[in-house]
Structure formats: structure tokens, C-alpha cells
Amino acid sequence: MSGLWSLRRRISYAARRSPIKVFLPLIALVVFVFYMMRSDTITKPNSRYKYVREDTDQFQLKQVPGDHISHYDLNKLTFSSNALEKKEKVLILTPMAQFHQEYWDNLLKLTYPRTLIELGFIVPKTTDGDETLKQLEQAVKDVQSPKKKVPKFSKVTILRQDSEAVESQEEKDRHAFSAQKKRRSQMATARNSLLFTTLGPFTSWVLWLDADIVETAPTLIQDMTKHDKAVLAANCWQRYYDEEKKEDSRRPYDYNNWVESDEGLRLASQLDDDKIIVEGYSDMATFRPLMAHFYDPNGDQSVEMKLDGVGGTCLMVKSEVHRDGAMFPNFPFYHLIETEGFAKMAKRLGYEVYGLPNYLVYHLNE
Amino acid sequence: MSQRLGPPISPLKHSRKARICQISIIRIVVLLILILAGSAGITFKMLGQLPYVPQFTESNAEYTEFYDLDKVDGHSDGWMKQDRILFCVPLRDAAEHMPMFFSHMRNMTYPHHLIDLAFLVSDSKDDTMGLLVTMLRELQNDEDPSIHFGNIEIFEKDFGQAIGQSFSDRHGFAAQGPRRKLMAKARNWLTSVALKPYHSWVYWRDVDVETCPPTILEDLMHHDKDVIVPNVWRPLPDWLGGQQPYDLNSWRESDGGLQLADTLDEDAVIVEGYVEYATWRPHLAYLRDPYGDPETEMELDGIGGVSILSKAHVFRDGAHFPAFSFEKHAETEGFGKLCRRMGLSVVGLPHYVIWHIYEPSTDDLKHMEWMAQEEEKAEKRKEVMKVYKKVWKAGFENVQKGWEDERLRVLKNSDPVRLSRNVRVDWSD
């Protein structure tokens, strides 16, 4: 109290002695407060809301000429068996939790012209994701930099996931049955985010290629579009070193490519609406014929088989299937989720789903 | 005396007290500045670790883009936060509605440069495309730059159609299932091709809206819901009662609806507002109170497509307009169901109304034809009466006046009052 009292006395004393010393800062303070409080907002006569005064247009669209109106005729979009001849554009989409150099090297080996290829990646929002993003950035710059005299991809889009991060995929228990629903639901959301923001007016085909596919034929795109199927899955295997036989060997990897079985249908009919069925777990034996087991090393590579569920490791989709609405359900859709749910939805939309049992692509061996 | 002035203060103590006082004042001022600065946009969220952001420029990587989807999600006050809206309009033989639609666009108060327009023109026989381009050019070349919209994309795609576009063709019961599935496809093609990683909101709007507040986007947005729709009514001619609910596709699921769904086969599509499917669902349209609070919200399961505002993440997450029977629903109603299934909020505003144009149904048209005929008949009758009256006048003498006099005289003669006059009667033989 006495402090304030003395201050008042001091101020009144100073004000009498040299008024400028007191009033100048006071005026300055008032001006400052006014400046800060000055509204950055404006009102409009026909609205009860406030708006930003200075509109900064980060996309500089105001400078675009008035008749700049893009016009696309989607009737001219084709998805044909001779994609290369018709110069059909392919969008390669990869959800990328980890960057593998082998994946990137294999991608660069593809012989389909890069001017007809667009790339899309989505990286989870985790610290691991930060590392992935840095590696991916470097890899992309090595190709897309104007200083490098290599063919450029027609477009590269990299997204950072907004939904809660998918927990690290390294841990073995992530493959546990109980964690599958949540993990695959998040995966489905990531796939959808990637798909629906990168699909352009000229995209004819979408190739889903997982980040751990390290070996494919260089003619992968030509080989798969040749079949002219709405949805087509390659058979995904894995190379490994057989400790018993002491030799390089290979084994089936992706079990999500399957044909529906009576047992599978019976199981589904008994489940609650929010339960899912996933392949490869003994908890739930569906006895579905799995494409991975249909591989015949001496068979014709172009043999097709009808499927009911597909995996996303290497999947070629006509863009019209996605455009009609077929997406990756992040909820149980006919007790199926993610890529398997996608196959079901494509079928509900009237498309046929096929697989190539004798056409192999290889998964990384962790 | 000494009480009032306080104890004598030593110079040292005095200066310390003053300093404490000064410091506290400085603290208050600093705090004030910080608060003001905070409101000016400087946030302190920037502490803590930021996710890595790659730098792509034309000089280090061509045709390469990076987006953090976390940064683009819609805000409840998006117009202050520079949220970009994707404005989707499906068009089919819509030339006649175009001028009205563009007058609405012009009046919109949401900052126009934040609105990207996407049109899908399909199966049109009239000059929808030509008129659209002309009117867009006119809009974008307006003298006032605040009228200009952001990026504009027009897509063309024909889906073929088995059904005509007249009101009764479109709204007949049998036509609903296949028609809704085709329209769903059209909508999906539009979002899948027009949605960019930088969009925060997606707004679906039909062209045939007659009356709509210019603040519709802000009005819907400030509710901060994943998916939100207003109530849609239509004005009617007086002889039909003045006004009527239009959009019956916005409803809440009922037990009756679920029971009905169980009895139908996998590909069946339930459509609301037809006696064939009695679902007993509460409809958004019928819950309107003209004097109700326009802010009132109602949870919905199915929605109509006249005016839908949704956050862009809804479509990024995979929600779409089912072009197949999803839980016995398709298109916008299926979209509502799908969003609910994905755990998103779907809300309607019962007392906030926009007005669809009135298109007469076949029955209405018949009735209107009948009314027009009646009017014509009345007109004719008038003409006939005129001639008739003329002829009448010429052919007959008007004896009305004479009769008046006559009557008076007759009455006078039989007036009992006047009977008092002396009438002499000779009773003798």
C-alpha cells in the first residue's frame, strides 16, 4: 500500500517537475495498446461474422487470369490392355512406414516410361516416420532434381498422415490377432487419404505397391495392365535363407489373396457386425484357398484366378473402380477390413477381382 | 498522523520498495503485451518437438509436393483461418437454373479466393456446359477482385441414364434405386478427382436452390461437425398450401427402418418419403419450427444432398456416396450411414432452412392445366355474357320501372289503412 502511495507521490512530483517524462511514455503506451487492439477484422453488410482484413492467398490464385478454367473430359479416360501404347497414366501408391533402399532401387528399374508414372507416398506421424521422410526426401531429390540427367516421374506427392500414428510396425506383436483390427483400420485410413488426394483426371491405373516389395519384374506395369482386369493382385512371396537345407529358398508371404470358402461364410454369419475375419491366424480357421499356395514354378505366368479377398502388397486397380467409390474400409465391411474389404466393395460395385498365382513379386526379409 | 503517513522510510528501503513496484508494473505490462501478441497469432505451441518437414523446391526436385494432412483439417472459424473449401456441384441439364445459381455464388460472404469450384457435367442435352463456361468467365473477370473464386475445374463424364429428368420421372418410386446409384457414382467421380491434399472442407450444393442465406458456409461451418446439413423446404403455390418440406432424405434411423431393412434383399435400396417403404423415421424436414433456434442440432443417420458441408478428412478417410446398397441405402443416405459407421458426426439443423425451387409434379401439372382451363373458360363465359346481355337489352323492353309504379298502385288499392275511407254500400234490394 505504502509502495503504491509513494509511487503516486513520485508520479505527481515528476509530473510537476517535467511533465514530458510522465506523459510521453503514457501516450506511447496508449498508442501501443490501440495499435495492438486495432481490429484485424472487418464485417460484411450481409453477414454476422467477422473476416480477416488482409486476405493473403497462399496459392496466388488472384493473379490467375479470369478465363483460367481447367476443363477435363473424363469420357476420354481409357484403361486398356495396351496401356503403354495408349500412353495411359499409372499412379503408384505406397504407404511408407520405413524406407528400404531395395524398394526404391526396384522402383527405378521399372521400364514403364516415367513421364507416365505418378508417385504417391504417405508417411506416419512418428519419430520413425521422420527418419523415413528424410530418406525418402533424399531419394526423391536424387531423381527429380533438375541437375540430375535422369528421366523424371511426372509427379511425386508425399503426405504426412494426420490420424493418430500407426505404432511402430517392427514389433512382432503387432501381428498379433488382437491388434490386427486397429492396425489395419489405421492402415486403411492411410491408404484412403493417399488415394483420394492424389487421384488425378488423367490417372488410368492405380498400382498399390507396399514399401517392402523389393523385387518385381521390370515390366511389372506392362505385365499387369495387359490382363485388362478391374482389380488384379500379384502373388507375393519372400526370399530367405533356409537354415536346414543351407540354401537360398523362398516361401509364400501375403495370405490376404484368397477365395471365399463355405467355412468362411459360415464363420462370418455367426459374427457380430463389428467383428472381422483376418487370414493367417489359427484362432479363426476359414479354410479359404489362399493364392499364395497356388504358385506353380513351371506354370504359365499369365494364369488368372478369381479372388474374393486381396492384399495390398502389389495390386493393380483400374482407376474407375476407385472413382466409383471402392475404397479401403476402416471399419468391418462384411467382416472384412482394409484391402480385403476393398475387394468386397469392388465386387459390390459390380467389378471382378482376379489374382496371378504364378506371377511373383518378392517381399523384404526382415 | 503518523498512522496516515506511515513510518519514516529510509532512502534505501524507499528505493527498494519503489523498485519492487516498478518490477511488478513491468511484469503486468509484459503480461499484457504477451496476451495481446498471443491474440495476434503468435502461439507457444511451437515449443515441443516439431515433425520433420522436407523442403522441395523447383530447383531441388521437380513436380514434387509435400503436404502435412494434420495442418489442413477444417476449423470452426475456417474463414478466419484460411481454410480452403472444395465446392462440388453435380450438373445435368441444368442450364435453366444457372443464372439463379450464379447470383447465389456472387453473394456468398465466405472469402471467395478460398473457394475452389469443381463441376461435373454429365449426360446433358441442353447447353449446360456452354452456359457454365460463359458465366464462370463473367464471374472471374468481374471488376471487383473479391468476387473471383479460387481454382476452377470442370469435369465431363457421362454415366448414361435410363430415367428421364422430369420431376415425376425422377421422384417416382421405381426409379429411385438405379437412379440413386448412378448419381452416387457421379458424385464419387467428382470428389475423387477434385479433392486436393490442401482442402479443409468439402461443400456439396445442388444448383436448383432458390433461396439461401449468403452466409450458408459460415453458418454450417461454425458448428464444427464432420458432416452437417440444413433443413430443405420448398415454396408452393397458394393453392397447394404455400410451403412444404422438400428433402426427406435427412432422417434418424428408427426401429421400424431397421426391421424393414432386415426383410429386404442385399441389393435393395430404401428410399424415404414413399408409402412403399414405411420406416416411421423422424425426418429433419418435419421437425422444423419457423420460430425455433436456428442453431439447434439433431443427430442424423441419412442425409440429403442439396447442401452438405463436411470436413475434407471425411472424404480422405474414405467416406463416399455408395453406388451400391450399403445397409440398404445408396447415395447421400448411404453416405450418412457410412459416415456413422466410420464413427463421424452427422448432424442436421431442423430450424435453419434453405429453399429449393418448386418444380410441379405430374399431378400438379395436371391440376395447373385444369386451373388454366378453368380460367380460360371463365374468361370465355364473360365474353359470352357480354354479348348475351347486349342481345337481351335489345330484344326486351325493360318494364321493371313500370311494374314498380304498378305495384305501388296495386298495393295502395289493397292497403288496409286506406280502407277506412267511406265506402258506401247499398244493401237494400
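Author: A residue is termed buried if 20 or more other C-beta atoms lie within 10 Å of its own, exposed if 12 or fewer do, and partly exposed in between. The model discussed here is predicted.

Reader: Is A:Asp228 buried, exposed or partly exposed?

Author: A:Asp228 sits in the loop between α6 (220-225) and β9 (231-242) of chain A. Its phi is positive, about 55°, although A:Asp228 is not a glycine. The residue has 13 C-beta neighbours inside 10 Å. Since exposed residues have 12 or fewer such neighbours and buried ones 20 or more, A:Asp228 counts as partly exposed.

Reader: Which residues does A:Met345 contact, its neighbours within four places in sequence left aside?

Author: A:Met345 belongs to helix α9 of chain A and is buried, because 25 other C-beta atoms lie within 10 Å. Its C-alpha atom is separated by 8.4 Å from that of A:Gly325, 20 residues apart along the chain. With neighbours within four places set aside, the contacts of A:Met345 are A:Ala326, A:Met327, A:Pro329 and A:Phe333.

Reader: How many residues of strand β13 of chain A are buried?

Author: Strand β13 of chain A covers residues 353-363. The strand is mostly covered, and of its 11 residues the number buried is 9.

Reader: What stands opposite A:Ile213 in β13(A)?

Author: A:Ile213 is part of strand β8 (residues 213-215) of chain A, which runs antiparallel to β13(A) and is joined to it by 2 bridges. The residue of β13(A) opposite A:Ile213 is A:His363.

Reader: Which element gives the most to the side of chain A that touches chain B?

Author: The contact takes 68 residues from chain A and 69 residues from chain B. Elements giving two or more residues to the side of chain A include α1 (2-17), β3 (70-73), α4 (127-144) and α5 (177-198). By class, this side has 27 nonpolar, 22 polar and 19 charged residues. With 7 residues, the element that gives the most is α4(A).

Reader: Which residue of β4(B) is the bridge partner of A:Ser70?

Author: β3(A) pairs in the parallel sense, over 4 bridges, with strand β4 (residues 152-156) of chain B. Within this pairing, A:His71 stands opposite B:Ile154. The bridge partner of A:Ser70 is B:Glu153.

Reader: What is the handedness of the unit made by β3(B), helix α4 of chain B and β4(B)?

Author: Strand β3 (residues 115-121) of chain B runs parallel to β4(B), and 5 bridges join them. B:Leu120 stands opposite B:Phe155 in β4(B). Together with helix α4 (residues 128-140) of chain B, these strands make a β-α-β unit that is right-handed.

Reader: Which residues does B:Phe119 touch, residues up to four places away in sequence not being counted?

Author: B:Phe119 is one of the residues with the most contacts inside the largest nonpolar core, which has 163 residues. Helix α6 (residues 176-194) of chain B gives the most to this core, with 8 residues. Beyond four places in sequence, B:Phe119 touches B:Val89, B:Leu91, B:Leu132, B:Ile154 and B:Phe155.

Reader: How far apart do the C-alpha centres of domain 1 and domain 2 of chain B lie?

Author: Domain 1 of chain B spans 69-359 and domain 2 spans 371-405. The separation of their C-alpha centres is 57 Å.

Reader: What percentage of the residues of chain B count as buried?

Author: Chain B holds 12 helices and 11 strands. Among its contacts between residues at least 6 apart in sequence, 81% join residues at least 24 apart. Of the 429 residues of chain B, the share that counts as buried is 36%.

Notes: Residues numbered from 1 in each chain as written. Chains lettered and ligands numbered in written order. Predicted model: local features only at pLDDT ≥ 70, side-chain atom pairs only at ≥ 80, totals over all residues. Core = buried A, V, L, I, M, F, W, Y, C linked by C-beta atoms within 7 Å. Contact = placed C-beta atoms within 7 Å. Domains from an automatic or database assignment. Nonpolar A, V, L, I, M, F, W, Y, C, P; charged D, E, K, R; others polar. Pairing = 2+ DSSP bridges. Right-handed = clockwise from strand over helix to strand, strands pointing away.
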